[in-house]
Structures are given as C-alpha cells and as structure tokens.
Amino acid sequence: MPWAPVPFAEVYPLVTARAVARPFTYAVPEEAPLGVGSIVRVPFGRSRARGIVTALVETAPPGIEPRRIEAVVGEVPPTLVELALWLADYYGSTPARALALVAPETPKRRKEQAPPAERQALAGEAAPAELSAEQRAAVARVVDGPPGNLLLHGATGSGKTEVYLQACAAMLERGLGTIILVPEIALAPQTVGRVRARFGNRVAILHSGLSDAERRDERERIASGEARIVVGARSAVFAPIRGLGLIVVDEEHDPSYKQDSDPRYDARTVAAKRASLERAVAVFASATPRPESWATLERLELGGRIGAALPPVRIVDLRREAGYPLSAPLLAELRRVAEHRGKAILLLNRRGVAPALHCRACGTTIRCPNCDVALVLHADGSLRCHHCGHAASSPATCPACGSPDLARLGAGTQKLERELARELPELELIRLDADAVGKPEELAASLRRFAAAQGAVLLGTQMVAKGHHFAGVELAAVVDADTGLGLPDFRAEERTFQLITQLAGRSGRDAPGRVLVQTFQPDARPIAHAARHDVTRFLAEELERRRSLGYPPFAHLVRIVVTGPELEQVVRALEELKAGISGTELLGPAALLRLRGRHRAQLVAKTPRPRAIATQAAHLLSAAAPNMRRAGLTAVVDVDPQSV
Ligand SMILES: [Zn+2]
Ligand SMILES: [Zn+2]
C-alpha cells in the first residue's frame, strides 16, 4: 500500500442509513500510514464506526474541522473499493452498504485454533486428464488471449470443469489468482472436491456454513496470499485476492447469483466488472447458458458429452396417460430401476402434498390471510404459505360454505414420496427440498446417502437438477414439466428449458441413461427443445422473442416495487415516482400479489441506461422518504431483476 503523507482522508462510515450516503473528511494521524482501501475506526456522531478510506485529499472542505482517524484496523485491495463504489451506483444502493460487501465485519480472534479438519484431509493432485481438441483450444484462449468475458458452453459431461481447472493452474504458474463461483457450495461437492484435490492448501473455501472464526481464517489466508484460489457462492466475487487473473462463474444460468436484498447485485455482472478493472478473464460456464450470455459473450464451444451420447428423452403426454404424479410409463421405468437395484432422480418443483385445497361445492381455494396465494397442504396435515410462513391446521370443511368436499389439487414432493413408497417399497427414497434439508450439512448427508445407495430414488425440487454427478443413475424424470411455465415471468420459458436440460444431464453419465418428461403441454417450446437437447435452437428462438418484447439483452430492466398497508397509497406513490422519472418509458403501476399482509405494485422500465433510471429513482425516493415512512410505505429499486 502506498504510504501517503497527506493530511486528510475521505472515509465512508459503514452504516446502513440512506441519509448518510456520502464520505466524511477525517484527519490522518501521522503515525498511521494509510491509503485507499484502509479499514479504519473513526468517531462518528456520538459513537464510533468502522469506515473505509476511498480517497486521500490535501484539503478539508471549508468551515469543517475534521476529526482524527482513531486507528487502522485492516485493508482491502483498492480495486475492491472502486468495484464497490461502482456497484452502489449501478444498483442504486449506498456506497456504505456496497463497501460492507468487500469489507465484511469479522469478529476478533480469541485464541489460536486448529484449522478445520477438512483442510488437513487433502488428497494429492489429481493427474490432469487428456484434453480434447476443443478443451485445449478453450484453455489456450482463456490463458493466452486478451482479457474479456467468455462463455464456456458444452453439454453436461463435456469437460468444462477440466478447462477452467487447467486455466486456473496456468494462472497460478504466472502468480495470478482465481475466483471460482458456484451457485451453492453444498450443491457442488464434486466441483469443490476437484478443486481441492488439484490445488490442495492453495484453495480457500467461502460459504455460509463456516463459523465466524473459520470465515476470518479463510479471509486471512486469502489476504496474505497463502490461498490463491477461492471457491465460493455469490459473495466470493468480493474475495480480497490480489493479482487476480481469472474469475469463473460455474453454472452461470443459476438465478441464485442475484442477491435479493439490498444491495441487489448480480454476482455475474459484478464478476465481469471486476475482471475488467483487474484486466482479468471472466469465464461463464454452463450447459444451458442465459440468452443474454449467448448473445453477448465470446463463445468457447466444447460440444457434446465426452465418450458417450446424451440420453434420449421420452415425453409422456399427461393428457393421454392416467396416473398423476406417477404415470404408467414412469412406473414401468421405476420398476426396471428397482429390479437392477439402480438409481433414479425425480424432479417435481413444488413442495408439500398438494399445492392447493379447493372446495368442490363452492369453488373456493383456501388462501393465505396475508398473501394472495393458495395455501399448500403438507404431510403433517398443516396448510402453509410458502411466502410468509403462515401455518394453520387443514380444515375438515370448507371455511366459506361448510361443505366437506375439499379436493387436493396437484401434487408436491411429499405426495410423490408417499406414492413412491406405496408403489415401490423396495426403493430407498431420499427427498431433497427445503422442508427435508434445511441445513447445508443435511443436504450434503442426503447427497452422500444417494451416492452410496443401491436401489434408490432421489426426489425433490430444483435442488436435484443442480450440478451433482452420481455414478449409475439410469433414469431421470421430470414429474411435472409445466409447474414453471404458467408463471407470469419473462424467464419462465428459459427456466423450464434449463431445468429439464440440466436434469437430463444428470442421467447416464456412465450408464445408458433414460430420461422421461411428463407434461400436459408436450408442444410447448422449452419442453420440445429440451427433449431434443437442442440448446442452440431454443436460445435462437428465445432471443427472437426477447428482441420483439424488448427484454434483456436488448434492454435492461429496472423494477421499482412499493409496498404498503393500502393499495391506493402504493399506487399513488408509484404514479408520483413515474411522473418524476424522465428519459424512459415506464410500465405500470401494476398491482402485484399481496404478500405478508402488504399490498404491492410495481413500475418496470425497459431501458438502455439502467444506471440513470436507478439513480433518478433513488434520489426521488430519498426525498420522499419521510412521507413514505409516515404512510408505512417501503420501496425497492431492482436493477436487472431476475423476474418481473
Ligand atoms: Zn365451499
Ligand atoms: Zn402468506
């Protein structure tokens, strides 16, 4: 860090209030050299705050007698300060909230601790595999080409991981570090295992399951340069690595890369920005890339699966086949699996027993009292809201008309589990959903059980379709491909296509696999293309649709949601906001589902200049803040939202 004989520093105190979204000038103590990125303790108001130095200046603003910085308590690389300030501006957040992402508070060390056991149990470096010509070309482009953003595209099993591991090794040889982002550590045990096996104690792992002490140790290993490779979920994009050569975003289509609380950043966009600030390469890897990545990134194609064909997909038309959720063809396939004592994966992207209770006499669907959604029947007899957590016992009669004739509509994972237990008692059932596996350890334990099992079914929500690789899965089935298609969301088709294609890739990695897709809409575009593994065609058509509707990548979306106790006030606040924003067309205000007892409505901008809109909205909202607070209104500005 450059020592700076400069009298004053601009410091952002790391406080969350929107009202103090500006830097404050402090006097630099002579004995404490500091620079941009220094984490300091400063007097702030009547108390103290942690803060980050964002600039060194010669003079203080006129009429101000700056207070002194009390201590320097740490530092982050200056590039991360630049990244955070950009992030605050782009996503309409405050600099302090964004800076807190790059300088998270860590508790003080109490005593020396033994490093986590897993760090000692490292396997030796695995022998690099023989690369295909496509893989070699891809590695060469990443390592020897100019910096930039690359899409690494290839079917499941085409060797994408090996490409970025070799690129990572080449960077390491040049003294450059790598960040590897995965959607969720617990869902990527094989990827993490391979990185560890290859690079041993040069790897740091950041994830939500770490204790505070472990997280601090990992951050220290990164900051000191001992760990040059970081694997982690979304927030690892801010890892304090110096001399960054490569950022890999694995499974780049995964929606969990977007944070859904302020700052609402997208780790993929931040990865691209960080790479450009550091002149590093960003590699976005997926078998089912986002349309925006497909259209805008330089592509590295790996082609099909190495050494085996992708499994054939059979569509089961539920309009013609009885027996939902287990149709006759699906049952027949499962019986074959049971005979071989093999394995199957079943995806049903809906939790509980039945997604709705419906009165046959009067037509009432039992709804959440706080939200405009149907309550979901669970196996313990409760009715639960999947948005606000409201739970009640399931009534014997209709609350509206008293009729006992209540029908359970549809099927969820718990019903599927019950029916499987009845029809195929010889198969071990391992359920993977938010009710069955609440914690990362439970999830990891379930995945290990399935890996070791003989004659087993892994069933669950979209969790089962993520990047696990299990030997000997002979059948993969989508129980209801239509669950996501009815959602009023511009990504509904993209998500459906990704889910089916990803699940199909889970089958037959070393066996002749079979894939079954049950649907009431066999002709729907995402289902038909996924059945043919036709990623290219799906993306071409999806991009055409997006172009005609002005969706990303042809425009950015900015979504402004206001919630409050009365719909009328919510709508009025949005109308005032709309009147104050210039330079773009805003759609709305449109009312949304009421959630958690609060009315909601939104404005949506389709714009080439999302920053300008977000900045205008943020200014208007902070001016309106006192009035909105009095009326009980809250507002959220979401740049590049994942759904609208
Ligand atoms: Zn009724
Ligand atoms: Zn609710």
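The crossing of α1 and α8 is right-handed, meaning the near helix is turned clockwise from the far one by less than a right angle. This is a predicted model, where local features need pLDDT of at least 70, side-chain atom pairs count only at pLDDT 80 or more, and totals for chains, interfaces and linings use all residues. Residues are numbered from 1 along each chain as its sequence is written, while chains are lettered from A and ligands numbered from 1 in the order in which they are written.

Helix α1 covers residues 78-90 and helix α8 residues 267-278; their axes come within 10 Å and cross at roughly 140 degrees (axes are lines fitted to C-alpha atoms over the stretch in contact, with angles from 0 to 180 degrees between N-to-C directions).

Who does the touching? On α1, Thr79, Glu82, Leu83, Trp86 and Leu87; on α8, Val270, Lys273, Arg274, Leu277 and Glu278 (contact puts C-beta atoms, placed from the backbone, within 7 Å). These residues divide into five nonpolar, one polar and four charged.

Zooming out, the protein has 17 helices and 28 strands, counted as DSSP runs of H or I with at least four residues and of E with at least two. Its C-alpha atoms fill a box of roughly 80 × 65 × 50 Å along the principal axes. Of the contacts with a separation of 6 or more, 75% join residues 24 or more positions apart.

Note on methods:
Two residues are in contact if their C-beta atoms, placed from the backbone, lie within 7 Å. Ala, Val, Leu, Ile, Met, Phe, Trp, Tyr, Cys and Pro count as nonpolar, Asp, Glu, Lys and Arg as charged, and the others, Gly among them, as polar.
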